[in-house]
Amino acid sequence: MRVLYLLLLTLGLLFSQLATGVNLLTGFGQRSDHYICVKKGGTCNFSSCPLFQKIEGTCYGKKAKCCIR
């Protein structure tokens with residue numbers, strides 16, 4: 001019986017840690033900024049945009065730039 005409790009405790013702790021990653025997912029009906037950038041034909045860059053491209057927004061939670069021609 002103690003083994004069953006230990007197993008349940010272990011699984012409970014494991015799933016409680018996985019539940020914190022739910023915040024990384026986007027909500028229903030919302031798209032990530034990376035998806036919107038690529039849909040517009042842009043690319044996400046952590047460095048500055050290449051020549052002849054302009055910054056059109058952000059990617060990865062405002063950590064990178066969305067560069068579009």
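Good morning. The structure before you is a predicted model, and I shall begin with its overall layout. The protein chain contains two helices and three strands.

The protein chain has 69 residues, and 14% of them are buried. Its accessible surface is about 6100 Å², with 66% of that area belonging to carbon and sulfur atoms. As for contacts in the protein chain with a separation of 6 or more, 23% are between residues 24 or more positions apart.

Let me turn to the interior. In soluble globular proteins, nonpolar side chains tend to be buried together. Which residues make up the largest nonpolar core here? There are six: C37, C44, C59, A64, C66 and I68. Strand β3, which covers residues 64-68, supplies the largest share of this core, with three residues. Setting aside neighbours within four places in sequence, A64 is in contact with N45, F46, G57, T58 and C59.

A disulfide is a covalent bond between the sulfur atoms of two cysteines. How many disulfides does a search of the whole structure find? The search finds three, and I shall take them in turn.

The link I begin with joins C37 and C66, whose sulfur atoms lie 2.0 Å apart. The angle about its S-S bond is 90°, and the link is right-handed. C37 belongs to helix α2, residues 33-39, and C66 to strand β3, so this pair ties together parts that are 29 residues apart in sequence. Are these two cysteines buried or exposed? C37 is buried, with a relative accessible area of 3%, and C66 also counts as buried, at 3% relative accessibility.

I continue with C44 and C59, which are joined by a disulfide with an S to S distance of 2.1 Å. This link of C44 and C59 is left-handed, with -65° about the S-S bond. Where do its two ends lie? C44 is in strand β1, residues 43-45, while C59 is in strand β2, residues 54-59; the pair therefore ties together parts that are 15 residues apart in sequence. C44 is buried at a relative accessible area of 17%, the cut-off for buried being under 20%. C59 counts as buried with 0% relative accessibility.

The remaining link is that of C49 and C67, with sulfur atoms 1.9 Å apart. The disulfide of C49 and C67 is left-handed, and the angle about its S-S bond is -80°. C49 sits in the loop between β1 and β2, and C67 in strand β3, so the pair ties together parts that are 18 residues apart in sequence. Both C49 and C67 are buried.

What is the pairing when the bonded cysteines of the protein chain are numbered in sequence order? The pairing is 1-5, 2-4, 3-6.

Thank you for your attention.

Terms used. Residues are numbered from 1 along each chain as its sequence is written. This is a predicted model: local features need pLDDT of at least 70, side-chain atom pairs count only at pLDDT 80 or more; totals for chains, interfaces and linings use all residues. Side-chain values use heavy atoms; hydrogens and water are left out. Helices (H or I, at least four residues) and strands (E, at least two) are DSSP runs, numbered from the N terminus. Buried means under 20% relative accessible area, exposed over 50%, partly exposed in between (1.4 Å probe, protein chains only). Contact means heavy atoms within 4.5 Å. Accessible areas come from the Shrake-Rupley method with a 1.4 Å probe; for residues, only the protein chains shown count as cover. A nonpolar core is a set of buried Ala, Val, Leu, Ile, Met, Phe, Trp, Tyr and Cys residues joined through side-chain atoms within 4.5 Å. A disulfide is a pair of cysteine sulfur atoms within 2.5 Å.
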